[in-house]
Amino acid sequence: MKLSLLSLAATTALITSVSLTAQAENIGSVDTAFKLIGPDHKVVVEAYDDPKVNGVTCYISRAKTGGISGGLGLAEDKSEASIACRQVGPISFPGSLKQQDEVFNQSLSILFKKLRIVRMVDQKRNALIYLTYSDKLIEGSPKNSVTAVAVDRSTPIPVK
């Protein structure tokens, strides 16, 4: 019974990882450590367009584990990530935003570790705050990174 639940959880995590990774656009990477067998360890840069805010893209840099386990998708990537969100076009809002909302999540291991991006609205300053952090099923990681995108005062942010 435990084995079948573990298999189900692993399969679900893998399917979720594949479907959510499709939202990230790979911008590039740099090798950080040579591995004789399998891909090298690297730092990858990915772009995420905010699905509820037109004109804002977030760039994430994070470590990606190489070697045999990394090549097979079995390695657990590090929890560290850096984020920079920028206005890349005219900012507009197709609908109202929640005060705080998870915008993206991406699996970092085959079991339960995810990189998350949360958007928060700072109404007083008319700004969008983006926080990235990593969590695990049992314990979260205090390692995080934050960035802000100022929105022109002539475009108020609609909040639910």
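The legends below describe several close-up views of a predicted model.

Residues are numbered from 1 along each chain as its sequence is written. In this predicted model, local features need pLDDT of at least 70 and side-chain atom pairs count only at pLDDT 80 or more, whereas totals for chains, interfaces and linings use all residues, and side-chain values use heavy atoms, with hydrogens and water left out.

**View 1. Elements and confidence along the chain.** The chain holds 2 helices and 8 strands (DSSP runs, H or I of at least four residues for helices and E of at least two for strands, numbered from the N terminus), arranged in sequence as α-β-β-β-α-β-β-β-β-β. The mean pLDDT, the predictor's confidence in each residue from 0 to 100, is 77 for the chain, with 65% of residues reaching 70 or more.

**View 2. The largest nonpolar core.** This core (buried Ala, Val, Leu, Ile, Met, Phe, Trp, Tyr and Cys residues joined through side-chain atoms within 4.5 Å; buried means under 20% relative accessible area, exposed over 50% and partly exposed in between, with a 1.4 Å probe and protein chains only) has 22 residues, of which Val53, Val56, Phe93, Leu128 and Tyr130 touch the most other members. At least two core residues come from each of strand 3, strand 4, strand 5 (100-107), strand 6 (114-122) and strand 7 (127-135), and strand 4 gives the most, with 4 residues. Beyond its neighbours within four places in sequence, Val53 is in contact (heavy atoms within 4.5 Å) with residues including Ile91, Phe93, Leu97, Leu128 and Tyr130.

**View 3. The salt bridge between Glu46 and Arg62.** The two side chains meet in a salt bridge, at 3.3 Å from N to O (a side-chain nitrogen of Lys or Arg within 4 Å of a carboxyl oxygen of Asp or Glu). Glu46 in strand 2 (residues 41-49) and Arg62 in strand 3 are 16 residues apart, so that the pair links distant parts of the chain, and both residues are buried.

**View 4. The salt bridge between Glu102 and Arg116.** The closest N and O atoms of this pair are 2.7 Å apart, and the bridge joins strand 5, which holds Glu102, to strand 6, which holds Arg116, across 14 residues. Glu102 is partly exposed, with a relative accessible area of 33%, whereas Arg116, at 15%, counts as buried.
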